[in-house]
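This report walks through selected residues, salt bridges and the chain interface. The structure comes first, then the details.

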Amino acid sequence: MTVLEVTGLRKSYADKVVLRDVDLAVDAHDVVCLIGASGSGKSTLLRCLNLLEKIDDGVIAFEGEEVSDPRVDPRRVRQRMGMVFQAYNLFPHLSVLDNCTLAPRRVHGVPRQDAEQRARELLARCGLAEKAEVHPDRLSGGQQQRAALVRALCTAPTLLLLDEITAALDPELVGEVLQIVGELAADGTTMVVATHEMAFAREVATRVCFLDEGRIVEQGTPEAIFTAPREERTRQFLRRVLPG
Amino acid sequence: MSYEPSVHELNRRRLRRRLRWRSSLIASLVTVSVFAVLVIGVVSSPGWPSVREYFFSGFHARESFPEIARGFLKNIALFLMAEPLILVLGLAVALARQARSPWLTPVRVLAVIYTDLFRGIPTILLVLLLGFGVPALGLSGVPNSLFFWALVALVLSYGAYVAEVFRAGIESIHPSQVASAQALGLTRGQTMRYVVVPQAVRRVVPPLLNDFVSLQKDTALVLVVGIFDAVNAAQDYSNYNFNDTAIVVVACFFIVLTIPLARLTDWLQRRVAERERSGAR
């Protein structure tokens, strides 16, 4: 089943075109990794999918409905689409638990007890059972990002967008976050992931898309992209980022 | 390489335009009807004819205008003199409260007492106390003019408020800024002068302007010591002619003065928000 289908997506800021002719289809249980240099349009693409940015051409269809139609209420779409940001963006004035139950309670109308129970289960699964009552500032970067992941998962979204969620973390903390993303992938969570972690993309992705100058230059299975890329641009990029 | 928008996109643009047009139509209709209801509500009230005669008489507005305008010059003079003095006093007191040197402890204590005391006293009482009290002391070498002491009262009262605004601004600057300034070898004073205060001032401009709008109105308080400002002139006219139109006229004077400042405050606030949050959405 196709969860998300993007065709001919174009996005520009004034004269600067940041995404052009982007076609992308995401089926249920897919993990699509977007790779490419900084400024290649990975984050902008995710922001367009979440309707945080107005697109300039093309169609975004989510669960069979065109959500790029101006009449669609973006909040209704975002209720079924989770997003995690590079800088965690946890609310500093709320405890971890309250961060996680805010949307289920206020947006989805889940009773407090049920919301807290689900949040506690997810927090425990991510090794944060002890941290539910503390405020985000007391956590390490890795713990904060895991909490942000839990916050996005608490509303049980059909699609999870992860925007370079390990880019702000120390190398030693990257592993603990990616391990959880890997577990989510193994459970069949549908995800679109912008990442700089090539080893992760290779291991977890069902499909890898290489973006360059706002275009998906090449997409395919991780094996195809990492071992036998067709395009010269992809080869250049991989030479620079892969060790050896 | 040329780009032609797809038919789908052209349709979407038309739809967006239509939706935009529809929301501006709703906005205008709602606004016009709300204001119409308000105006009709007031005008159709049973007492409106006498209210109009008593508060909105064109004749009395024209008659009272020159005297009020003359008085208003006093209000303008008061706040033009008071504003720079308040800024200097407020910043000095805020900085004194931030001082950490043991030698400056008495200054710090004085600054705390000053803000606590003068923020707590109603401005009108300060004007009375200073305006009537100080000249009565009969000190030599001290000006005895009511205008001078009314000005001092306004400066002292608002200086305490503004000091707190500056202090809030200074304390809102992230400690990492102080740390990096000190890591460069700047002294505490230099850190304040070159790093903290410039950022703090930028941040507190909107609340400062807010205080100044308030000050413009509070210049009217000097009438309690008998200074013939615009409000005093209006009251005088009203009492003499049994018509309160002069009060409405003087209110208009203040509005004409404060609205541009309010718009400036909004604009500055928006500019700061755009600059500080650009790229961090």
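## A:Arg146

A:Arg146 sits in helix H5 of chain A, which spans residues 141–153. The model is predicted. A:Arg146 counts as buried, because its relative accessibility is 10% and the cut-off for buried is under 20%.

A:Cys100 is 46 residues away from A:Arg146 along the chain. The C-alpha atoms of these two residues are separated by 11 Å.

A:Leu49 belongs to helix H1 of chain A, residues 42–49. Its relative accessible area is 0%, so A:Leu49 is buried. Not counting residues up to four places away in sequence, A:Leu49 touches A:Leu4, A:Val6, A:Ile60, A:Met81, A:Leu161 and A:Val192. A:Cys154 is 105 residues from A:Leu49 along the chain, and the two C-alpha atoms are 20 Å apart.

A:Asp163 lies in strand E7 of chain A, residues 159–163. Which side chain of opposite charge is nearest to A:Asp163? It is A:Arg47, at 5.8 Å. A:Asp163 has no salt bridge, although the residue is buried. Beyond four places in sequence, A:Asp163 is in contact with A:Ser43, A:Leu46, A:Met83, A:Val84, A:Phe85, A:Gln86 and A:Ala194.

## Salt bridges within chain A

Over all chains, the structure holds 26 salt bridges. One of them joins A:Arg215 and A:Asp21, with N and O 3.6 Å apart. A:Arg215 is in strand E10 (residues 215–220) and A:Asp21 in strand E2 (residues 16–27), so the bridge ties together parts of chain A that are 194 residues apart in sequence. A:Arg215 is partly exposed, at 29% relative accessibility. A:Asp21 is exposed, at 52%.

A:Arg76 and A:Glu65 form another salt bridge, and their closest N and O atoms are 3.0 Å apart. A:Arg76 is in helix H2 (residues 74–78) of chain A, while A:Glu65 is in strand E5 (residues 65–66). The two residues are 11 residues apart and link distant parts of the chain. A:Arg76 is partly exposed, with a relative accessible area of 38%. A:Glu65 is partly exposed too, at 26% relative accessibility.

A:Asp212 pairs with A:Arg233, the closest N and O atoms being 2.7 Å apart. A:Asp212 is buried, at 13% relative accessibility. A:Arg233 is partly exposed, at 29%.

## A network in chain B

Salt bridges that share partners join five residues of chain B into one network: B:Arg97, B:Arg119, B:Glu164, B:Arg167 and B:Glu171.

Where does B:Glu164 lie? B:Glu164 is in helix H6 of chain B, residues 146–172. Is B:Glu164 buried or exposed? B:Glu164 is buried, because its relative accessible area is 15% and buried means under 20%. Leaving aside neighbours within four places in sequence, B:Glu164 contacts B:Arg97, B:Thr115 and B:Arg119. B:Arg97 and B:Arg119 are also members of the network.

## The interface of chains A and B

How many residues meet across the interface? 13 residues of chain B are in contact with 16 residues of chain A. The area buried between the chains is about 1200 Å². Carbon and sulfur atoms give 45% of that area.

There is one salt bridge between chain B and chain A. B:Arg12 forms this bridge with A:Glu66, the closest N and O atoms being 3.3 Å apart. Eight residue pairs are in polar contact across the interface. The side of chain B that touches chain A has five nonpolar, two polar and six charged residues.

How values were computed
Residues numbered from 1 in each chain as written. Chains lettered and ligands numbered in written order. Predicted model: local features only at pLDDT ≥ 70, side-chain atom pairs only at ≥ 80, totals over all residues. Heavy atoms only, no water. Contact = heavy atoms within 4.5 Å. Buried area = accessible area lost by both parts, 1.4 Å probe. Salt bridge = Lys/Arg side-chain N within 4 Å of Asp/Glu carboxyl O. Polar contact = N/O pair within 3.5 Å; in protein donor to acceptor, adjacent residues only side chain to side chain. Nonpolar A, V, L, I, M, F, W, Y, C, P; charged D, E, K, R; others polar. Helix = DSSP H or I, 4+ residues; strand = E, 2+ residues; numbered from the N terminus. Buried < 20%, exposed > 50% of the residue type's maximum accessible area, 1.4 Å probe, protein only. Lys, Arg positive; Asp, Glu negative; His and termini not counted.
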